Amino acid sequence: MNTFIKKYKHAWVLLYFFIYAPWFIYLEKTITVTYHSVHIKLDDYIPFNELFVIPYYMWFGFIALVVGYLFFVDKKEYYRSTAFLFIGMTVCLLIYTIWPNGQDLRPDLATIGRGNILIDIVRNLYRTDTCTNVCPSIHAFNSIGVCIAVFHTDSLKDKRYITIPTVILSILICMSTVFLKQHSVFDVISASLLSSVMYLLVYVPDYAKIFEKKKERIKSTI
């Protein structure tokens, strides 16, 4: 048991969800009526399409699969990917808190002229997920984040049968948020910009070398 705990002690990072979940639930319950409605002209040209509920829900397994793989196989990339995801998600929550936002894009499913099992799934999605706390889109941000993680993982990045489907699924998930009218295009753009900033913060600097140089400077002063 001690060996198991020592081997997987990096699971402590996942304690972040004890911060994230209560915070997000609080925002979902308090930001309901008064919020800034996010909308750009491009949203009006994107039709509702229930087929995108499939990649939308695949997001949950996608994130869990990549992070879970890194947890067991590549601790270094696990730390980098969770830093990317969790810091970015915190930034999103801060934005929602300071600038309450939402969207009014959802169609009336009773009047779209068709009914099928996917429409029923979307209807349930609309009932269980509010139209607030949308910009930036955490759905899009996390999809981009795990895609980046795959391309920085030595055991995955050269396997085209993994990287190509990863890119395709990431794109489809981002598209799903706007075709299901869960998000404005602006939410996805904001998530992409946040991803760029997080990439520069997490993946570009060589923190190992930076810390090593600091240690050497400290030793030289002693």
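Just after helix α7, Lys181 adopts a positive phi of about 60 degrees, in what is a predicted model. Residues buried in α7 include Thr163, Thr166, Leu169, Ser170, Ile173, Cys174 and Thr177. An α-helix has 3.6 residues a turn, so residues three or four places apart point the same way. Towards the end of α7, Ser176, Val178 and Phe179 are likewise buried, and the elements that cover the buried residues of the helix include α3 (53-73), α6 and α8 (185-202).

Helix α6, itself part of that cover, is mostly covered in turn, with 13 of its 14 residues buried. Because 14 residues at 1.5 Å a residue should span 20 Å, the 20 Å between the end C-alpha atoms of α6 (residues 138-151) agrees with expectation. At the start of α6, the backbone nitrogen of His139 is approached by a side-chain oxygen of Ser137, which reaches to within 3.4 Å.

An unreviewed UniProt entry places the feature "transmembrane region" at residues 12-31, 51-72, 79-99, 161-180 and 185-204. For the annotated span 161-180, the model gives 95% helix and 0% strand, with the end C-alpha atoms 28 Å apart. For residues 12-31, the corresponding values are 70% helix and 0% strand, and the end C-alpha atoms lie 30 Å apart.

Note on methods. Residues numbered from 1 in each chain as written. Predicted model: local features only at pLDDT ≥ 70, side-chain atom pairs only at ≥ 80, totals over all residues. Heavy atoms only, no water. UniProt positions renumbered as here; feature names shortened; annotations may be inferred. Helix = DSSP H or I, 4+ residues; strand = E, 2+ residues; numbered from the N terminus. Expected span 1.5 Å × (residues − 1). Buried < 20%, exposed > 50% of the residue type's maximum accessible area, 1.4 Å probe, protein only. Polar contact = N/O pair within 3.5 Å; in protein donor to acceptor, adjacent residues only side chain to side chain. Contact = heavy atoms within 4.5 Å.
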